[in-house]
Amino acid sequence: MKYEAVIGLEVHLHLNTRTKAFCGCSTEFGKEPNTQVCPVCLGFPGSLPVYNQAALDYAIKVALALNCRVQEYTKFDRKNYFYPDLPKNYQVSQYDLPLSVHGFLDIELNGQLKRIGITRVHMEEDAGKLIHQENASLVDFNRTGIPLLEIVSEPDINSPEEAYEYLAMLKSTIQYLDVSDCDMEKGSLRCDANISLRPAGTKILGVKTELKNMNSFKGVKDALSYEIRRQAEMLDSGEKLRQDTRLWDAKAQETIAMRTKEGAKDYRYFPEPDLPPFIIKEDKIAEIKKTIPELPKEKMQRFIKDYGLTEYVAKILVASKQGALFAEECLKKTTDKNIKSVANWIIGPLSALTSSTCAIHELNISADNLAGLVDLVENEKIISNLTGKIVLEEMCKTGKTAKAIVEEKNLAQISDSQSLNSIIEEAIKENPKSVADFKAGKANALMFLVGQVMRKSSGKANPKVVQELIRKRLANA
Ligand SMILES: [Zn+2]
């Protein structure tokens, strides 16, 4: 690649406080439009905001988890602009003295660790929501004033894949803190991207564009990939890039120019006169620090160390906090010998049974029961892997143990030669050509015969034993 991409991401995050940032209105999602509003969040003259203490605590928690320095003195500012979803004609945000600065988040891609700098995490409030209809645009102010954090990364990201990893790691870390549901579909987590290209190996920054309107991590990745191609083509043909804001159109898979980007001076920031500045004391920071749990990166490293798992497996297991808790319970319930199998059952067959509304820990299966199933497959060889998957599904439906289901449905593997010999005889009689092929030294023919026996036994024959028996039988013939 002739060019290197320089990418910075801006993430907006809803904090899941019960009430809004500056008033007592509920933040509950999905309510009748304009029912969760009051003079403060509607910006009526004479109303006065009071900042939500819980939102400040959550904000500090996120800042600390992202390794930021929380500033002792911080204040709110007004960001002035006109838009129909903004009743006050300004957004309360932070400008020159943000809550926190100089953080970082480590991501891992293809086995390589990379540190992405975080410029700042600051507090602000959300705007309302416009609903466009055929002949009208409606506005819902329920979202107006919901506490937001803006998390701004340094332009340390160099590819769409790194951007994706950063977002996944950020989401996972924040979910561990229990301060946001990070649900992109509900708009609780939104991401804008800045991207420019420069000749590979140089340090000068090119003209950047801002990308908006991506509503999934994949959308961010696709939009960045598109923009890299578009900018590279323009640079190649000697065209001049403009610093503008572009919207991602997921259907057309392209970005469309929206407007030239505003600079900070366009917003005429000034200190919010209705809210006093905050002094954040050391002991407050120390107190909040204590509430931060083990985060995904540390948990992953511990899983690798304590359970001997690979980085790949550990990374999947720790992606969600609840999933990681469940996984660890399972790993503790099993024998040392079965740990890797249990982990593989969790990230494989068990994960396959989850859906967008039902995560691993919400499936009707206990850690004890999963460990029991793996034991039947691995140690006692009572059921095959394939039967194990069928049993697992039944376990999720009924909540019963693997042992009970295997007995009830008579699923145990047939390993005794007496029962297997008659099926083997049948298979040999029906497939003389395969028998001849095997005798002529074709190894595949043996596997074909084993397959026939498996089919005849409805998958219950123990394939290892069958293979041995056929080998012996044909050697004697
Ligand atoms: Zn309100």
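Student: Which exposed residues are carried by the face of α5 turned away from its buried side?

Tutor: This is a predicted model, and in it helix α5 covers residues 296–307. Pro296, Lys299, Met300, Phe303 and Tyr307 of α5 are buried, and the face turned away from that buried side carries two exposed residues, Glu298 and Lys305.

Student: Why do the buried residues of α5 line one face of the helix?

Tutor: The residues in question are Pro296, Lys299, Met300, Phe303 and Tyr307, which are buried in α5. When one looks down the axis of α5, these buried residues line one face of the helix because they fall within an arc of 100°.

Student: What covers the buried residues of α5?

Tutor: Met300 and Phe303 are among the residues buried in α5, and after the helix comes glycine 308, with a positive phi near 65°. The cover over the buried residues of α5 includes α2, α6 (311–317), α7 (321–333) and α8 (339–352).

Student: Which helix gives the largest share of the side of domain 1 that touches domain 2?

Tutor: The chain is divided into domain 1 (3–289), domain 2 (296–408) and domain 3 (417–476), and the centres of domain 1 and domain 2, taken over C-alpha atoms, are separated by 37 Å. The contact between these two takes six residues from each of them. On the domain 1 side, the residues divide into one nonpolar, four polar and one charged, and the largest share, four residues, comes from helix α2 (residues 160–177).

Student: Leaving aside neighbours within four places in sequence, which residues are in contact with alanine 59?

Tutor: Once neighbours within four places in sequence are set aside, alanine 59 is in contact with Leu15, Leu99, Met123 and Leu149.

Student: Is asparagine 34 buried or partly exposed?

Tutor: Asparagine 34 is found in the loop between β1 (3–14) and α1, and its phi is near 60°, a positive value in a residue other than glycine. Most residues other than glycine have a negative phi. Because 14 other C-beta atoms lie within 10 Å, asparagine 34 is partly exposed.

Student: What is the phi of asparagine 213?

Tutor: The place of asparagine 213 is in strand β12 (residues 209–214), and with 17 C-beta neighbours inside 10 Å it counts as partly exposed. Although asparagine 213 is not a glycine, its phi is positive, at about 75°.

Student: Which residues on the other side of α13 are exposed?

Tutor: In helix α13 (residues 432–439), Ser434, Val435 and Phe438 are buried, and these cover an arc of only 100° around the axis, which puts them on the same side of α13. The buried residues of α13 pack against α12 (417–430), α14 (443–456) and α15 (463–476). On the other side of α13, the exposed residues are Pro432, Lys433, Ala436 and Lys439.

Student: How far apart in space are glutamate 233 and tyrosine 166, C-alpha to C-alpha?

Tutor: Glutamate 233 lies in helix α3 (residues 217–236), and with 10 other C-beta atoms within 10 Å it is exposed. In sequence glutamate 233 and tyrosine 166 are 67 residues apart, while in space their C-alpha atoms are separated by 27 Å.

Student: Is aspartate 96 buried or exposed?

Tutor: Aspartate 96 has its place in the loop between β5 (90–93) and β6 (100–109). Because aspartate 96 has 9 C-beta neighbours inside 10 Å, it counts as exposed.

How values were computed: Residues numbered from 1 in each chain as written. Predicted model: local features only at pLDDT ≥ 70, side-chain atom pairs only at ≥ 80, totals over all residues. Domains from an automatic or database assignment. Contact = placed C-beta atoms within 7 Å. Nonpolar A, V, L, I, M, F, W, Y, C, P; charged D, E, K, R; others polar. Expected span 1.5 Å × (residues − 1). Buried ≥ 20, exposed ≤ 12 C-beta atoms within 10 Å, placed from the backbone. Arc of directions from axis to C-beta.
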